[in-house]
Amino acid sequence: MPYFDVCNGDADGLCAVVQWRLAKPQSATLVTGLKRDIALLDRVVAKAGDQLLVCDISMRRNLSALLGLLACGAEVSYFDHHEAGTVPSHPRLHVHVATATTTCTSLLVSEHLGHPYRHWALVGAYGDQLDSVADALAAAWGVPAPQQQQLRTLGQAINHNAYGDSDADVCIAPARLYDILIRYPDPLALLQQEPLAQVLIDRQAADLKLAMTQPPYLSSGRARAYLLPDAAWSRRVGGSLVNALAALRPHCAHAVLRRTQSGGYLVSVRAPRLQAQGAAELCRRFGGSGRAAAAGIDDLPACDLRRFLEAFVEHHWERQPVRTETRVTDAAVWA
Ligand SMILES: [Mn+2]
């Protein structure tokens, strides 16, 4: 009876499966990928009686593959915290989905198992930026502050390792990282004994430091846009740069644009933290989507760059229009 463990390659996904396999040792085929690889169930070929553990990938995005696997006779345990859509009812499908913003897959698995590997649960939660939830749990579980900080740093670093366009962009492919993580029932021991942990931590710090030194491409009183080249580090910094910038200047709106290989731009927009609205509305005008505070555009055509930047600067983040003086730091883009 073959076993398959299917998970997102970020910290939350990997730490969910690590806890499960530490609790239930069993050789299994791991199916994972980078953060952007979500349609993972398509990659599984199963037969009647096979056992699947699925962690931290959207059921909505994997529904047809899931139904196919169930029809083949596989049994599936599904743990996730993304919006699931319509959850099918099936005698061989065991669903553990909770979409509250206070939980994540690592915490759901930990709870299901009776919290046998609490430090791993915390690493996953910190990786998913659930800092206040993880801090409260760590305090309740008696984890001293210095160890809390170590688990947070590790979670963020493992999470960072999942961002990139291909395995060539990241320190270590998530599947290979899993093989190292699973050797350690306690991630604090991994931090002490595994040189890779520091490599991941250093990489994240270096990427963010480099990203933060980029001058704004366009700056107005309340709007700042950054244009990143298409490079391995810029593909890795993902959303962490725009989040860091937004935290640094809460009164400003931020846009981070990265060149894509298709010649367009991947755009991330954050409304001013102090007025967290209007981001989705702006991005929708350019084919993007998102939430009021955080939104994006997957592929802004290069010919729309100037129009987007003008709209970004002129966008009303509050009910009263704000006068802005636009300063363009690099004239080439307007040409
Ligand atoms: Mn997650």
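User: Over which residues does pLDDT stay under 50?
Analyst: That is residues 320-335, for which the model still has 26 contacts beyond four places in sequence; pLDDT is the predictor's confidence in each residue, from 0 to 100, and two residues are in contact if their C-beta atoms, placed from the backbone, lie within 7 Å. This is a predicted model, in which local features need pLDDT of at least 70 and side-chain atom pairs count only at pLDDT 80 or more, while totals for chains, interfaces and linings use all residues. Residues are numbered from 1 along each chain as its sequence is written.

User: And what is the mean pLDDT of the protein chain?
Analyst: The mean is 91, and 95% of the residues reach 70 or more.

User: OK, on to the open sheet: in what order do its five strands come?
Analyst: The order is E2-E1-E3-E4-E5, with parallel pairing; strands (E, at least two residues) and helices (H or I, at least four) are DSSP runs numbered from the N terminus, and two strands pair if DSSP finds at least two bridges between them. Strand E2 (29-31) and strand E5 (93-97) are the edge strands, each pairing on one side only. From one strand to the next the twist averages 10°, where axes are lines fitted to C-alpha atoms, for helices over the stretch in contact, and angles run from 0 to 180 degrees between N-to-C directions.

User: How many bridges does E1 make with E3, and what stands opposite valine 6?
Analyst: Strand E1 (residues 3-7) and strand E3 (residues 51-55) pair in the parallel sense over five bridges, with valine 6 opposite valine 54 and aspartate 5 opposite leucine 53.

User: Is E3 largely enclosed or open?
Analyst: E3 is largely enclosed by the rest of the structure, because four of its five residues are buried; a residue is buried if 20 or more other C-beta atoms lie within 10 Å of its own, exposed if 12 or fewer, and partly exposed in between, with C-beta atoms placed from the backbone.

User: Then how does the chain cross from E3 to E4?
Analyst: E3 and E4 pair in the parallel sense over five bridges, and glutamine 51 has glutamate 75 in E4 as its bridge partner. The chain crosses between these strands through helix H2 (residues 59-71), and this β-α-β crossover is right-handed, meaning that, with the strands pointing away from the viewer, the path from the first strand over the helix to the second runs clockwise.

User: What about E4 and E5, in which sense do they pair?
Analyst: They pair in the parallel sense over five bridges, and serine 77 stands opposite histidine 94 in E5.

User: Changing topic, which residues are buried in H3, and what covers them?
Analyst: In helix H3 (residues 105-113), the buried residues are Thr105, Ser106, Leu107, Leu108, Val109 and Ser110, and their cover includes H1, E3, E4, E5 and helix H4 (118-127). Glycine 114 follows H3 and has a positive phi, near 85°.

User: Where is isoleucine 182, and what does it touch?
Analyst: Isoleucine 182 lies in the loop between helix H7 (174-181) and helix H8 (187-193), and, not counting residues up to four places away in sequence, it touches Val18 and Arg21. Isoleucine 182 counts as partly exposed, because it has 17 C-beta neighbours inside 10 Å.

User: Now E8, how many of its residues are buried, and what does it join?
Analyst: Six of the seven residues of E8 are buried, leaving this strand mostly covered. E7 and E8 run parallel and are joined by six bridges, with tyrosine 226 opposite valine 256. E8 also pairs with strand E9 (residues 265-270), in the antiparallel sense and over six bridges, and arginine 258 stands opposite leucine 266 there. E8 and E9 form a hairpin with five residues between them, and glycine 263 in the turn has a positive phi of about 95°.

User: Last one: why do the buried residues of H12 line one face?
Analyst: The buried residues in helix H12 (residues 305-314) are Phe308, Leu309, Phe312 and Val313. Seen down the helix axis, they fall within an arc of 130°, so they line one face of H12; the arc is that of the directions from the helix axis to the C-beta atoms. They pack against strand E6 (218-219), strand E7 (223-228), strand E8 (253-259), helix H11 (279-284) and strand E11 (294-300).
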